[in-house]
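I am opening a notebook on this structure and will write down what I looked up, entry by entry.

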Amino acid sequence: MEDGYTKKLINTYMREDLEKLGLETYPGCRVSLLESVQTEFGDNILQEVFRQLSDDTVIELVHNALLSYGLIDHEQGE
């Protein structure tokens, strides 16, 4: 199992690899990183990123986004 140091080291190498390709890896870069990947490398790479997410993760992320924009009302279902 990876310890915190090993995980941070791996993360550092991944960031460096992405930065060598001209991709942004600053804190909070999620949206611009995905947009850059799509622009620079096309939809196939972006779709591969999404394929690697679990269904539960995507469901939670979509639910949270809809909830934060007021598109889900918990009062309706109760």
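**Entry 1: two helices at an angle**

The angle I looked up for helix H2 (residues 30-41) and helix H3 (residues 43-51) is about 140°, and their axes lie 7 Å apart. I keep in mind throughout that this is a predicted model.

Which residues bring H2 and H3 into contact? On the H2 side I listed Leu34, Val37, Gln38 and Phe41, and on the H3 side they meet Asp43, Ile45, Leu46, Val49 and Phe50. Sorting the residues of this contact by kind, I found 7 nonpolar, 1 polar and 1 charged.

**Entry 2: the chain as a whole**

I then stepped back to the protein chain, whose secondary structure comes to 5 helices and 0 strands, so that along the sequence the pattern reads α-α-α-α-α.

For the overall dimensions, I noted that the C-alpha atoms fill a box of roughly 50 × 35 × 20 Å along the principal axes. The radius of gyration of the protein chain is 16 Å, whereas a compact globule of 78 residues would have one near 12 Å.

I also looked up the surface: the accessible area of the protein chain is about 6900 Å², and carbon and sulfur atoms account for 55% of that. Of the 78 residues, 8% count as buried.

**Entry 3: Glu24**

Next I turned to Glu24, which sits in the loop between helix H1 (4-20) and H2. Its relative accessibility is 43%, and Glu24 therefore counts as partly exposed, since that class lies between the limits of 20% and 50%. Setting aside residues up to four places away in sequence, I found that Glu24 touches Cys29 and Leu33. I also checked Ser36, which is 12 residues from Glu24 in sequence, and the C-alpha atoms of the two are 8.0 Å apart in space.

**Entry 4: Ile72**

With a relative accessible area of 25%, Ile72 is partly exposed. Its contacts, leaving aside neighbours within four places in sequence, are with His63, Leu66 and Leu67. From Ile72 to Phe50 I noted 22 residues along the sequence and 23 Å between C-alpha atoms; Phe50 is also one of the H3 residues in the contact with H2.

**Entry 5: Ser68**

Is Ser68 buried or exposed? I placed Ser68 in helix H4, and its relative accessible area of 57% makes Ser68 exposed, because the cut-off for that class is over 50%.

Conventions: Residues are numbered from 1 along each chain as its sequence is written. This is a predicted model: local features need pLDDT of at least 70, side-chain atom pairs count only at pLDDT 80 or more; totals for chains, interfaces and linings use all residues. Side-chain values use heavy atoms; hydrogens and water are left out. Axes are lines fitted to C-alpha atoms, for helices over the stretch in contact, and angles run from 0 to 180 degrees between N-to-C directions. Helices (H or I, at least four residues) and strands (E, at least two) are DSSP runs, numbered from the N terminus. Contact means heavy atoms within 4.5 Å. Ala, Val, Leu, Ile, Met, Phe, Trp, Tyr, Cys and Pro count as nonpolar, Asp, Glu, Lys and Arg as charged, and the others, Gly among them, as polar. The radius of gyration is taken over C-alpha atoms; the globule rule is 2.2 Å times the number of residues to the power 0.38. Buried means under 20% relative accessible area, exposed over 50%, partly exposed in between (1.4 Å probe, protein chains only). Accessible areas come from the Shrake-Rupley method with a 1.4 Å probe; for residues, only the protein chains shown count as cover.
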